[in-house]
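Reader: I would like to learn how to read strand pairing and a ligand shell from a model. Could we work through a case together, step by step?

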Amino acid sequence: ATGERDLPQELLSLIAKENHVSSLIAAEKLGVDHQRVVGAVKSLQSLDGFIVAEQSSSKTWSLTSEGQMVKDEGSHEARVFRAVPEEGISMPELMKLVPANIGKIGVSKALSSGWILMDKTGGGVIKRKIPDVEDTVQHLLEDLSQASEAQKADLKKRKLVIETVLKFYEISQGPNFSLNITKPETELTAEMLSSGSWIGKSFKPLNFEAKGAPVTPGHLHPLMKVRADLRQIFLEMGFMEMPTNNYVESSFWNFDAVFQPQQHPARDAQDTFFLSDPEFARDPPLKYMEEVKKVHSIGGYGSQGYGYEWSEAESRKNVLRTHTTAVSARMLYRLAQDGFRPARYFSVDKVFRNETLDPTHLAEFCQIEGVVAEKGASLAMLMGIISKFFGKLGMKEIRFKPTSNPYTEPSMEVYSYHAGLGKWVEIGNSGVFRPEMLRPMGLDPEVRVLGWGLSLERPTMILYNIDNIRDLVGPKVDLQMVCDSPLCRLGRVEN
Ligand code: PHE
């Protein structure tokens, strides 16, 4: 039933009557534990000006568990005294009559108080020295207020009492004292202002220390975060972003312009998505198309070409671009047409491949591509730029391995040592673009173009510790993953 009591209300009534009361007295008067009165004081303090409560403290004495035992059953010495019979008793016998923790101290206290004596003549017999005793220690513990300071000090020395500091409140009426606890308003609303109902209301003070409610902002997908970081790296290195806003590309720009023969297996429907509507592209520039046709079928610029019957219809077939090198080709062609100057281009955007889906392959993914066009650019320069680029991504150990691409010679796969996996992993592909690709565009023979490409998903999966690409992209993505993923984890290092 005490749980249903309204202690703050009862305390208010008490203060109204007494004007001034200490929480200790209040606890006594209300018949509740002091801690509960302290709780009521705290809740009344949150009401503006209801009460004034000043904290105070006093030292009080309280019984230890041993003191409680003495209070209940008598002091050690009294218990020993009572165990000694009229005719006396031997020490070993006496020890059997009192509990082990009482005997020794009891005997020595009783001896020094002159309550008992040791009769050495009879072979060590304990006898009463006086007929009766008064157990003052027990009486003092029954009512500690009777004890003098010296007695208290003595009891403390015997570890029967301890001194504790008791915190309590001196409570009196505050300037807004009232018996009616009205919950103060927490907010001043526009409605209160217009109706005037705010007048006479009390308001809860604002807590400027309070932490704000957690915000629920939007979150960038890990791929977006890594992309933003990559873009920053390219910009730091002086690269310009290429326009990649066309997913549909003609086979001409996607394959022919980059000297990929029309029989190349990548141009199969098994590997590439072809469009049925519109099936063919109109945009390839005719004069340039002628040059591309020549280099494929009969060669030129010191190359034999592939020596096959090049088909314009095949070249006009629309595809979903399979690599962003199609965009690089457009950009390099335009650079040649506009009058060559050194250029550095990059892009990060989607490409599409007719892949068998598995934990590391999707039919669409993002490709990162970098291109450097400069007179006299070299393979060594490409290796330097790639090392620098991946170094900024936090991949310091880089290795190159020869490979082949239709559009580059030499070509190199890029590997990085992955400390977590404990092995070298392929992170990209690169090379020096072939004259068969560059010369038909109208670029000078001294102009060298370097390029490299990689997927955005691979490094993101490594950085975010995701081992199935479907946890990163697609309909099965857990949106919570997007919210919980850290801000940015590229391990960027300035260099
Ligand atoms: N296009 C290549 C790929 O899809 C990447 C690359 C770009 C290679 C430029 C060499 C030069 O893997």
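Reader: Which residue stands opposite Gly453 in β15?

Author: Bearing in mind that this model is predicted, Glu369 is the residue that stands opposite Gly453 in β15. The strand β11, residues 364-375, pairs with β15 in the antiparallel sense over nine bridges.

Reader: Which residue stands opposite Trp452 in β15?

Author: Ser430 stands opposite Trp452, and β14 is joined to β15 by four bridges, with the two strands running antiparallel.

Reader: How should I read the two faces of a strand, and are those of β15 covered or open?

Author: The general idea is that side chains in a regular strand alternate between the two faces of the sheet. In β15 both faces are covered, with Val447, Val449, Gly451, Gly453 and Ser455 buried on one side, and Arg448, Leu450, Trp452 and Leu454 buried on the other. Counted along the strand, nine of its nine residues are buried.

Reader: Which strands each supply at least two residues of the shell around the ligand?

Author: Those are β14 (423-433) and β15 (447-455). The residues around the ligand include Asn429, Ser430, Gly431, Gly451, Trp452 and Gly453, and also Glu369. By class, the shell has one nonpolar, nine polar and one charged residues.

Reader: Turning to helices, how do the axes of α1 and α2 cross?

Author: The axes of α1 (residues 7-18) and α2 (residues 23-30) come within 11 Å and cross at roughly 110 degrees, and the two helices are therefore roughly perpendicular to each other. Their contact is made by Glu10, Leu11 and Leu14 of α1 with Ala26, Lys29 and Leu30 of α2.

Key:
Residues numbered from 1 in each chain as written. Predicted model: local features only at pLDDT ≥ 70, side-chain atom pairs only at ≥ 80, totals over all residues. Near = placed C-beta within 6 Å. Nonpolar A, V, L, I, M, F, W, Y, C, P; charged D, E, K, R; others polar. Axes fitted to C-alpha atoms, helices over the stretch in contact; angles between N-to-C directions. Parallel < 35°, antiparallel > 145°, perpendicular 65-115°, else oblique. Contact = placed C-beta atoms within 7 Å. Buried ≥ 20, exposed ≤ 12 C-beta atoms within 10 Å, placed from the backbone. Pairing = 2+ DSSP bridges.
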